Amino acid sequence: MYRRLAVAATVTIAAILGAGTWQYFESRRAEAPTIGGYVLARPRALPGVALVDEHERPFTPADFAGHWSFVYFGYTYCPDVCPLTLVELARLEERRASELPAQRVEYFFVSVDPKRDTPARLREYVAYFHPAFHGLTGEPTELHTLAQATETVFDVPDGQDEEHYLVSHSSNLVLLNPRGEMHAVLTPPHDPARLAADFAAIVESYARR
Amino acid sequence: MRLFVRTLAALAASTAGLAAAGPPAVSGAWVRATPPGARTAAAYLTISSDGTPDTLLGATTPAARAVELHTHVAEGAMARMQRVDAIPVAAGESVHLEPGALHLMLIDIAAPLVQGRQIVLALEFARAGIVEISAPVIDARAAGPVSPHAGH
């Protein structure tokens, strides 16, 4: 419990410091696009955590390289906000395919509920929303490390039913650049038109670096 | 807590006078179609009071073992889905249960919910008692914005 609090406090402080730093650099870097969320002043490499994908293959953040990645943390037992977000991401992908066909983009649903969300469960779940979507999960410590590095938080509140528990999680989308670095955070509501416009602005700014 | 709310609501109902009032109007109900293997689902609707306040205390449906009232509360950077005991509807006002906000959580659904099906929901109000409605299952992947309030 104290460890969770400590993690939450660290993440919060990191987020505040991160946001402050970003605002500082933002004021000096006119080329950073204005989006629903924020673009990091300096993209950041991710720590080397060990995850597993929807085909039960090992996955590390190095596998995020070579394409843009939209990453969303959630769990399949979630009835409302997770399916809502995945539907919006599928709509975003439709727009991206027609508006930015040259950009390679992959979508990752990271389950922070490895106890219930096996790779097989993730496979059938993500494919329902889009055949190209990926599922990732891993040990809680690995997931916490990845979450912290991507300014995301999650928590399984204590004292719940063994089988029917809820998980709290950020509703942000994390955008990783083609180097596999943490690049931007997109905040809800996740409107596909807005997401597509924000992504186009980020891609353009990235190309002009 | 739940019992306490129920008692309060019942008290309020019994002492609030004899004015005859119809049940709250329930509109725009729909249920999110479920991915394969899903055990939960969400239902959305709008409750409007025509001048008499009421309180939604719970719901049941043959389509699921249990139904809970849920909301999302922001807790720093995190959205926490949380059970609520009751959803009050003030006189002359409407309460929207919509994606990403207040909703009914269906737990242990009896069968996958696919577009085209209808499910019956029995809503339990403190004053009006049971109000039964039928809600279509909508596949949000194909449907476009299904609620006029979605994304607000």
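Let us start with the rings: across all chains, the structure holds 13 aromatic pairs, where rings of Phe, Tyr and Trp (its six-membered ring) pair if their centres lie within 6.5 Å, with planes under 30 degrees apart called stacked, over 60 edge-to-face and the rest tilted. One of them joins A:Y128 and A:F129 edge-to-face, at 5.0 Å centre to centre and 90° between the planes. Both A:Y128 and A:F129 are buried (buried means under 20% relative accessible area, exposed over 50% and partly exposed in between, with a 1.4 Å probe and protein chains only).

Before going on, a word on the model: it is predicted, local features need pLDDT of at least 70, side-chain atom pairs count only at pLDDT 80 or more, and totals for chains, interfaces and linings use all residues. Residues are numbered from 1 along each chain as its sequence is written, chains are lettered from A and ligands numbered from 1 in the order in which they are written, and side-chain values use heavy atoms, leaving out hydrogens and water.

Chain B has a tilted pair to look at, B:W30 with B:Y44, at 4.7 Å centre to centre and 40° between the planes. B:W30 belongs to strand β1 (residues 25-32) of chain B and B:Y44 to strand β2 (residues 40-48) of chain B, so the pair ties together parts that are 14 residues apart in sequence. Helices (H or I, at least four residues) and strands (E, at least two) are DSSP runs, numbered from the N terminus. B:W30 and B:Y44 are both buried.

Back in chain A, ring pairs link A:W68, A:F70, A:Y107, A:F133, A:F199 and A:Y206 into a cluster. Charges meet rings as well: the charged end of A:R116 sits over the ring of A:Y77, 4.2 Å from its centre. The ring of A:Y128 has the charged end of B:R141 over it, 3.7 Å from the ring centre. For such a contact, NZ of Lys or CZ of Arg must be within 6 Å of the ring centre and within 35 degrees of the ring normal.

Now for the sheet of chain A. Its 8 strands form an open sheet in the order β1-β10-β9-β4-β5-β6-β2-β3, with mixed pairing; two strands pair if DSSP finds at least two bridges between them. At the edges stand β1 and β3 (58-59) of chain A, each with a single partner strand, so one side of each is left without a neighbour in the sheet.

With strand β5 (residues 105-111) of chain A it runs parallel, joined by 7 bridges, and A:W68, a member of the ring cluster, stands opposite A:V105 in β5(A). With β9(A), β4(A) runs antiparallel over 3 bridges, and there A:V71 stands opposite A:V174.

In a regular strand the side chains alternate between the two faces of the sheet. Strand β9 (residues 173-176) of chain A is covered on both faces: A:L173 and A:L175 on one side and A:V174 and A:L176 on the other are all buried. Then 4 bridges join β9(A) to strand β10 (residues 182-186) of chain A in the antiparallel sense, and A:L173 stands opposite A:L186. The hairpin of these two strands, β9(A) and β10(A), has 5 residues between the strands, and A:G180 in the hairpin takes a positive phi near 80°.

Elsewhere in chain A, A:T34 lies in the loop between α1 (2-28) and β1 (37-44). A:T34 counts as exposed, at 69% relative accessibility. Its C-alpha is 7.8 Å from that of A:D198, although A:T34 and A:D198 are 164 residues apart in sequence.

Over in chain B, strand β8 (residues 103-109) has 6 of its 7 residues buried, so it is largely enclosed by the rest of the structure. β8(B) pairs antiparallel with β2(B) over 4 bridges, B:T40 having B:I107 as its bridge partner. Strand β4 (residues 64-75) of chain B also runs antiparallel to β8(B), joined by 6 bridges, and B:H70 stands opposite B:H103.
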